[in-house]
Amino acid sequence: MDSAYATRITVTVNGEPRAVAIDNRTSVLDLLRERFGLTGTKKGCDHGQCGACTVLANGRRVNACLALAVAYDGASIQTVEGLAGPGGLHPLQGAFLRHDAFQCGYCTPGQLCSAVGMLTEAGPSAVTADLTEDPPLTPGEIRERMSGNLCRCGAYVNIVRAISSELPPGGELADPVSATSLGDTAPYPPAGRLAEQEARS
Amino acid sequence: MKQFTFARAGSPADATRQFRNGAAYLGGGTNLVDLMRLGVTAPDHVIDVTGAVSDEIIAYDGGGLTIGAGVRNSDLSSHPLVRERYPMLARAVLNGASGQIRNAATVGGNLLQRTRCPYFQDVSMPCNKRSPGSGCQATAPGADTANMAVLGHTPFCVATHPSDLAVALTALNARVRVVSQAGVSQARGMAPDGGRWVDMPGLHRLPGGAPDHDTVLRPGELITEVELPPPAGGRQTYRKVRERASFAFALVSIAALLDVGPDGRVRDCRIALGGVAHAPWRALAAERVVLGVPPAAEVFAGAAEAELRYAHPLAGNAYKVTLARNLITTVLEELIP
């Protein structure tokens, strides 16, 4: 590797710091899969259109295929492999099983990471009538907020049901104990939607 | 993808100093990385500017907002002051892309994203925007013109600008701060810090004879912030029509504002259209029809006609003219208090 076109970076993946020299062209997706062997994160379109590669970077869901790893030096990345904790599956993983929210499973890691990130995002969506409110996450709101994750099997109905079943009544995830850390920078579970609303008002 | 060197810039001056021919500024990467992968663009030096420009939204005296170019789209649309004072802006951003992309994409990068014309993105096709002088496949017989421009295009380029954010900023009379290398800008008679303001509308160009230039920015100029004037009165919104209900580019979109005075006459009207031209399209002819008269359906129909009289649909996109007309009239009627 020509050193002018390579960079040594450190990223924290599922809580574990990892230093690696990469070709500058490497995406976070290829870094995870090809260098770290974390193949849970899937490559679908490689253009940011399908969401199969969704991971949490510093607690926020992003498309790993469009993220240059070199630009994420120092970041904390959480993948589907990091969702389950010592206490078992992440609540959303359990919900996906209970509600039969997948068929082939290829999009599922991205759906899960996207849903975990989505539940931390305050504010309205494109379908929210009153922009000044943080609306309740109705099925319509969930569908809009999850539109960046395609499912070619068409499991959408049960994906929405699974996510709906884990909506935190007070704005926080139901079972924080079994949710693992988002890394060393972001608190988890994140401050709830209602708490943020109260802080603003 | 071609190999490139990479550097982070710590300030606007650092970024512009590092710029050279063949370099590219990197924001969230949601468009640039894709274009590099497609071979549409092939920078040999990538400068990460997310640490060089502000990522904050600040209310300034007088009621306006200064938005750092590094603000992520999702932080812009969830900001309480944006939601309260500039609803068309919040709605435009929320209607763009997906949650994942909005989390990464920056304000500056959103404004400078490239067209999604399929012939621009396919390097096996001629394209005057990607390769000046090679021709325009979108105007060739049999081309798919369904999502091409109907206003302001030329035989050399019929591409549309894809940003929703830019359409709202065009209606809001925002302006954009850009900086360039200090020595270069002083020679051009600009401010000592190499900065200048570019008004919207005015940042994005119509294709003319140089469709390879999307904007009026010169090579190496960097957007550092967007300034929103104090909020206008009246009611405003953003409406986007697309092929599916979410996560798709606009066929036609509209950012509109209507302010009716105590005398029952319209004292402010703003209309900007997306998806119809090479730039966000400020519908000044339509606005002139509406200003100063009582708001009414027939007035709005006349306004739409005044704006779209000179539309030139291509073989496959006459529907956009109808769509734009219906959007102007419907949305303005909904904005009547």
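The legends below accompany close-up views of a predicted model.

**View 1. The interface between chain A and chain B.** In this predicted model, 41 residues of chain A and 38 residues of chain B take part in the contact. About 3,300 Å² is buried between chain A and chain B, and carbon and sulfur atoms account for 51% of this area. Three residues, Arg25(A), Leu66(A) and Leu131(A), provide 21% of what chain A buries against chain B, more than any other three residues. Polar contact is found for 22 residue pairs across the interface of chain A and chain B. Strand β4 (residues 60–63) of chain A contributes four residues to the side of chain A that touches chain B, the most of any element. That side of chain A comprises 14 nonpolar, 16 polar and 11 charged residues.

**View 2. A salt-bridge network that includes residues of both chains.** Salt bridges link Asp30(A), Lys43(A), Asp46(A) and Arg37(B) in a network. Between chain A and chain B there are three salt bridges. One of the pairs joining the two chains is Arg37(B) with Asp46(A), whose side chains meet at 3.5 Å, N to O. Asp46(A) also forms a salt bridge with Lys43(A), with 3.6 Å between the closest N and O atoms. Asp46(A) counts as buried because its relative accessibility is 14%, under the limit of 20%. Lys43(A), at 30% relative accessibility, counts as partly exposed. Side chains of opposite charge can pair when their charged atoms come close.

**View 3. A salt bridge between two loops of chain B.** The side chains of Asp44(B) and Arg20(B) meet in a salt bridge at 3.7 Å, N to O. Asp44(B) belongs to the loop between α2 (32–38) and β3 (45–48) of chain B, and Arg20(B) to the loop between α1 (12–18) and β2 of chain B, so the pair ties together parts that are 24 residues apart in sequence. Asp44(B) is partly exposed, with 29% relative accessibility. Arg20(B) is likewise partly exposed, with a relative accessible area of 40%.

View 4. Glu221(B) and Arg196(B) form a salt bridge in which the closest N and O atoms are 2.8 Å apart. Glu221(B) lies in the loop between β7 (195–199) and β8 of chain B, whereas Arg196(B) is in strand β7 of chain B; the two are 25 residues apart, and the pair links distant parts of the chain. Both Glu221(B) and Arg196(B) are buried. The loop between β7 and β8 of chain B also holds Pro201(B). Met200(B) and Pro201(B) are joined by a cis peptide bond, with omega about 0°. Over all chains, the salt bridges number 22.

View 5. Beyond its neighbours within four places in sequence, Leu76(B) is in contact with Ile57(B), Ile67(B), Val71(B), Val82(B), Leu89(B), Val93(B), Val107(B) and Leu165(B). In soluble globular proteins, nonpolar side chains tend to be buried together.

View 6. Chain A has six helices and five strands, which follow the pattern β-β-α-β-β-β-α-α-α-α-α along the sequence. Of its 201 residues, 55% count as buried. Among contacts in chain A between residues at least 6 apart in sequence, 57% join residues at least 24 apart. Asn58(A), in the loop between β3 (54–57) and β4 of chain A, has a positive phi near 50° although Asn58(A) is not a glycine. Asn58(A) is partly exposed, with a relative accessible area of 39%. Asp100(A), also not a glycine, has a positive phi of about 55°; Asp100(A) is located in the loop between α2 (91–98) and α3 (108–118) of chain A.

Notes:
Residues are numbered from 1 along each chain as its sequence is written. Chains are lettered from A and ligands numbered from 1 in the order in which they are written. This is a predicted model: local features need pLDDT of at least 70, side-chain atom pairs count only at pLDDT 80 or more; totals for chains, interfaces and linings use all residues. Side-chain values use heavy atoms; hydrogens and water are left out. Contact means heavy atoms within 4.5 Å. Buried area is the accessible area (1.4 Å probe) that two parts lose on being put together, summed over both. A salt bridge is a side-chain nitrogen of Lys or Arg within 4 Å of a carboxyl oxygen of Asp or Glu. A polar contact is a pair of N or O atoms within 3.5 Å; within protein, one must be able to donate a hydrogen and the other to accept it, and residues adjacent in sequence count only if both atoms are side-chain atoms. Ala, Val, Leu, Ile, Met, Phe, Trp, Tyr, Cys and Pro count as nonpolar, Asp, Glu, Lys and Arg as charged, and the others, Gly among them, as polar. Buried means under 20% relative accessible area, exposed over 50%, partly exposed in between (1.4 Å probe, protein chains only).
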